[in-house]
Amino acid sequence: MLTITQELYDRIVAHARADHPDEACGVVAGPEGTDRPERFVPMLNAARSPTFYEFDSTDLLKLYRDMDDRDEEPVVVYHSHTATEAYPSRTDISLANEPGAHYVLVSTAECGNDEGPVSFRSFRIVGGEVTEEDVRTVPAYGE
């Protein structure tokens with residue numbers, strides 16, 4: 001199960017809406033070994049595409065160095081789908097290289113940039129196998 005604060009949930013959704021019609025992407029880092037997403041890191045979709053996302057390699061290297069300096073790891077890796085359901089594509093599955101991460105997909109197909117319903121789903125992707133998990137939002141950790 002992914003447990004995430006309402007603030008982080010809202011920030012991921014806001015990023016997905018803001019970048020629509022292109023896919024948004026980013027990471028939520030957290031202290032190593034805690035499975036607790038804490039630090040929201042929106043990234044630029046270097047592909048600038050409505051059907052594909054790609055982290056800029058220079059930005060990604062900086063992020064991993066920063067996480068290493070802070071004793072953090074990527075707890076959540078997120079991106080949006082702008083015209084399809086919030087489910088990992090074959091490409092998403094092939095690019096999933098963080099076996100400990102929660103892969104969050106937000107579909108903005110129904111609302112676009114506007115307020116309105118989105119689909120927010122979380123998956124574990126290990127060795128090409130996709131397993132959906134529940135998402136629980138909390139006001140703050142420990143509540």
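This report walks through the pockets and the cavity of the structure above.

## Ground rules

The model is predicted, so to speak with its own limits: local features need pLDDT of at least 70, side-chain atom pairs count only at pLDDT 80 or more, and totals for chains, interfaces and linings use all residues. Residues are numbered from 1 along each chain as its sequence is written, and side-chain values use heavy atoms, with hydrogens and water left out.

## The largest pocket

About 290 Å³ of space lies in it, a volume being the space filled by probe spheres set on points joined across faces, edges and corners. Its lining has 14 residues (those with an atom within 4 Å of a point), and Tyr53, Phe55, Leu60, Leu95 and Asn97 are the closest to its centre.

By class, eleven lining residues of this pocket are nonpolar, one is polar and two are charged.

## The second largest pocket

Here the space comes to about 170 Å³. Of the 13 lining residues, Glu23, Thr51, Phe52, His81 and Thr84 are the closest to the centre. The classes are four nonpolar, seven polar and two charged.

## The cavity

The structure holds one cavity of 30 Å³ or more, a cavity being a set of points where a 1.4 Å probe fits but cannot get out. About 50 Å³ of space lies in the largest cavity. Among its lining residues are Tyr53, Asp92 and Ile125.

Conventions: 1 Å grid on protein atoms, 1.4 Å probe; cavity = no way out; pocket = protein on both sides within 12 Å on 5 of 7 lines; lining within 4 Å. Nonpolar A, V, L, I, M, F, W, Y, C, P; charged D, E, K, R; others polar.
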